[in-house]
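Please consult the sequence and the 3D view while reading.

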Amino acid sequence: MIAAHPDDENTALLAYFARGRKVRTGYLSLTRGEGGQNLIGPEQGDALGVIRTQELLAARKIDGAEQFFTRAIDFGFTKTAQETFEKWGHDKILSDVVWVIRRFQPDVIVLRFTGTPRDGHGQHQVSALLGKEAFSAAADPKQFPEQLQWVQPWQAKRIFWNTFAFTRQQEEEAAKIPNQIAIDLGTYDPVLGHSYAEIAGMSRSMHRSQGMGAPERRGSSKNYLALVAGEPATKDAFENIDTTWNRIPGGASVGKILAQAAHDFDIEHPEKSVPALLKAKKDMAGLHQPVVEPKQRDLDEAIALCSGLWLDAVADKYAVTPGGSLKISATALDRSPLAVGVESVDIDGAAKASTDLKHDSPLAFNEPHVSTLTVSIPANEPYSQPYWLREPKQGETYTVPDQLDIGLAENPPLLNAHFHLVVAGEKVEVIRHVAYRYIERSQGELTRPVIVEPEIALRLAEGARIFPNAAARSIDLQVEANVAEAAGLVQIHVPDAWSKEPQSRDFKLSGVGQQSELSFQVSPPAAHDSQGELTASATVGGRNIAVGMQVIHYPHIPIQVLFPPSQTKLVRSDIGLSAKTIGYIMGAGDEVPEALRQLGADVVVLNADDLARCDLRRFDAVVTGVRAYNTRPDLRANQARLLEYVKNGGTMIVQYNVLDGGFVGGDPASVASIGPYPIKIGRDRVTVEEAPVEMLTTNALLEKPNKITSKDFEGWVQERGLYFASEWDSHYQPLFETHDPGDKPLRGGTLYTKYGKGVYIFTAFSWFRELPSGVPGAYRIFANFLSAGKTE
Ligand SMILES: [Zn+2]
């Protein structure tokens with residue numbers, strides 16, 4: 001299945017093929033969904049892509065499919081395939097789709113989209129356009145011949161579109177396509193105890209960062225596959241495709257043995273199947289085709305399962321530094337009457353080790369047998385940064401130097417343990433990832449991947465550094481020790497014309513986890529605007545370390561650790577702000593409060609208690625965070641208090657909210673109550689970040705304290721704004737007009753009104769992206785909004 005984003009996939013269809021038909025099933029998402037919004041925490045961009053990657057893997061564990069990606073970055077919503085191709089490069093991403101097809105060798109490809117504007121999002125359109133092209137390009141040895149040193153050309157038998165419709169009209173059109181194959185995804189599977197649509201609900205609900213909690217639908221649920229290219233089929237997706245062992249020369253006997261083994265399977269005595277499985281293993285060993293290799297691993301697993309074996313390899317800690325060592329405990333436990341011996345355990349991956357003793361005497365029944373190994377991690381082993389984030393990006397694609405990494409969902413495990421077993425006299429090999437196992441009192445036993453980390457992490461707080469005037473600013477660095485007795489020297493590097501004091505600072509930390517704050521005074525160039533990068537590096541024991549550490553911890557995914565470079569953007573621009581104290585009502589999560597503090601404002605994040613009780617008059621302005629009305633019942637409950645605050649002279653700024661996310665305690669279609677006068681939120685957005693913006697008024701709001709000009713709309717990132725107001729009361733004055741190329745003019749992006757003695761501003765421009773990215777114009781405009789009560 002090919003589509004563009006985490007959540008585009010049809011999880012019910014994946015579950016049907018993987019769990020129901022038991023065919024090897026994969027989902028190729030062109031992107032990791034890093035351009036979306038995060039509904040469960042503050043992570044954006046790279047970190048959000050890592051969360052969505054893990055959510056897809058969690059979903060795949062439930063629906064049984066595998067997961068792949070290309071190097072394409074989700075750069076946010078776009079209306080056209082053309083913009084998408086311009087940002088990604090057609091050949092680069094086609095090459096990745098071809099590569100994944102050649103490696104996976106699907107018989108049948110299913111597209112989620114059509115490749116036409118009907119699909120909506122430009123990235124959706126591109127997923128289908130590239131899928132269609134790759135269907136034939138993968139089979140053509142003249143296309144991407146550099147891949148052929150690793151893979152063979154591959155021709156899938158057919159490619160379908162899994163029809164869907166956004167509208168009634170689209171539904172009628174799709175229904176007219178002839179010869180569609182119908183699949184009832186509501187079919188109940190008595191072995192699984194669920195229908196595929198039910199499984200889909202569980203799988204889809206893993207997309208928590210997108211708020212995709214989904215029902216487990218019961219009852220008939222028809223889905224359709226319409227042929228796009230390849231050999232026609234009338235009844236079944238796999239028509240005229242031999243999915244049995246007969247398709248592999250010499251494979252017929254394997255098929256026969258396995259069918260008999262399945263037929264004879266005794267659920268109370270699975271070990272009785274082992275002799276047949278060992279026989280199949282012998283026959284399978286003589287078959288040499290890429291499709292057989294995963295089956296050999298599956299068969300070894302099946303033998304281990306039927307033999308009642310528990311095999312496990314854990315490290316004594318979850319992290320190790322380059323040059324450090326890990327102690328690994330490899331446990332084998334035989335819980336069946338069958339005699340099984342462990343001949344040896346080998347470790348491979350970043351380091352190699354083998355047990356020196358050969359234990360071929362059978363394991364004692366139900367007594368764990370533990371082999372202990374020590375591995376030394378090479379001194380030049382890279383930190384466990386996700387492979388796609390190791391090198392600087394090239395525009396809107398990731399840089400992946402090793403072709404064999406392309407397509408992989410995540411880094412391969414640092415270490416694997418190979419258990420060499422003797423089962424009923426035959427050699428069987430079972431592989432386990434080496435993990436770290438721990439107990440969380442509130443949750444029970446958990447595992448997390450073993451990683452390589454630096455001796456220290458050198459953290460710069462996220463987001464750009466703003467210099468709103470010519471004064472020097474203090475830049476704080478946090479050094480955190482990952483080892484005992486870490487000492488060294490930290491230096492920062494600033495662009496020409498900027499200066500720093502002191503040149504370096506030293507640190508000494510005694511215990512693991514200990515932190516130290518180091519401050520440097522940084523001065524901008526005198527009297528002119530300037531932008532540049534500040535980088536920091538530490539020297540610890542002769543090693544240069546220039547990365548921080550970001551730990552991502554959510555209950556539905558394994559703990560993820562990123563090592564972002566220790567760098568930040570420096571921005572010098574004159575930004576006046578008359579507001580001194582700001583109350584901020586956090587919604588789904590954003591980094592705007594930290595950004596506003598950089599202007600010298602005192603920002604207080606307001607909780608439910610504050611909203612109900614605190615004296616709002618102490619704030620020069622109150623700001624609601626992104627989607628605050630979607631996520632905060634306490635905000636809606638205290639709306640009257642907030643409007644009263646405005647009436648008495650306060651300034652209130654409301655950022656964007658969504659229609660589809662569900663409005664807490666209200667009807668999304670008539671969200672009159674987010675402002676003092678009716679405002680209706682729509683779905684309009686302006687996705688081209690360079691789209692011209694016209695100022696519609698000479699309101700003082702655009703004059704003081706900063707004179708706003710068209711220059712302030714330069715250098716924006718990702719988009720102008722989203723979920724603009726579609727209708728509003730005549731009390732409101734729209735401040736700006738902007739629109740995507742070819743679209744109708746939109747004035748609902750920012751609305752202003754006086755209310756009583758105060759000011760109310762609704763603004764769906766994407767401040768939550770622009771401010772943390774250090775866009776000076778965005779700061780200047782937002783500063784004027786905050787200052788509104790003081791400038792009039
Ligand atoms: Zn999508």
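## Salt bridges

The model contains 38 salt bridges, a salt bridge being a side-chain nitrogen of Lys or Arg within 4 Å of a carboxyl oxygen of Asp or Glu. The model is a predicted one, in which local features need pLDDT of at least 70, side-chain atom pairs count only at pLDDT 80 or more, and totals for chains, interfaces and linings use all residues. Residues are numbered from 1 along each chain as its sequence is written, and side-chain values use heavy atoms, with hydrogens and water left out.

## Pairs within one helix

Helices (H or I, at least four residues) and strands (E, at least two) are DSSP runs, numbered from the N terminus. In helix 2 (residues 45-63), aspartate 63 and arginine 60 lie three residues apart, about one turn of the helix. Their side chains form a salt bridge at 2.8 Å, N to O. Both aspartate 63 and arginine 60 are buried, where buried means under 20% relative accessible area, exposed over 50%, and partly exposed in between (1.4 Å probe, protein chains only).

Helix 10 (residues 292-306) holds lysine 295 and aspartate 298, again three residues apart, about one turn of the helix. The closest N and O atoms of this salt bridge are 3.1 Å apart. Lysine 295 is partly exposed at 36% relative accessibility, and aspartate 298 is partly exposed at 41%.

Arginine 218 and glutamate 198 form a salt bridge whose closest N and O atoms are 2.7 Å apart. Because arginine 218 lies in the loop between helix 7 (196-204) and strand 9, and glutamate 198 in helix 7, the pair ties together parts that are 20 residues apart in sequence. Arginine 218 is exposed, at 58% relative accessibility, whereas glutamate 198 is buried, with a relative accessible area of 9%.

## Zinc site

His5 (ND1), Asp8 (OD) and His124 (NE2) coordinate the zinc ion at 2.1 Å. Donors are N, O and S atoms within 2.8 Å of the metal (3.2 Å for Na, K and Ca); water is not among the atoms, so sites may look incomplete. The donor residues follow the spacing H-x2-D-x115-H in sequence. Histidine 5 and aspartate 8 are both buried.

Opposite isoleucine 183 stands asparagine 223 in strand 9.

Notes:
Pairing = 2+ DSSP bridges.
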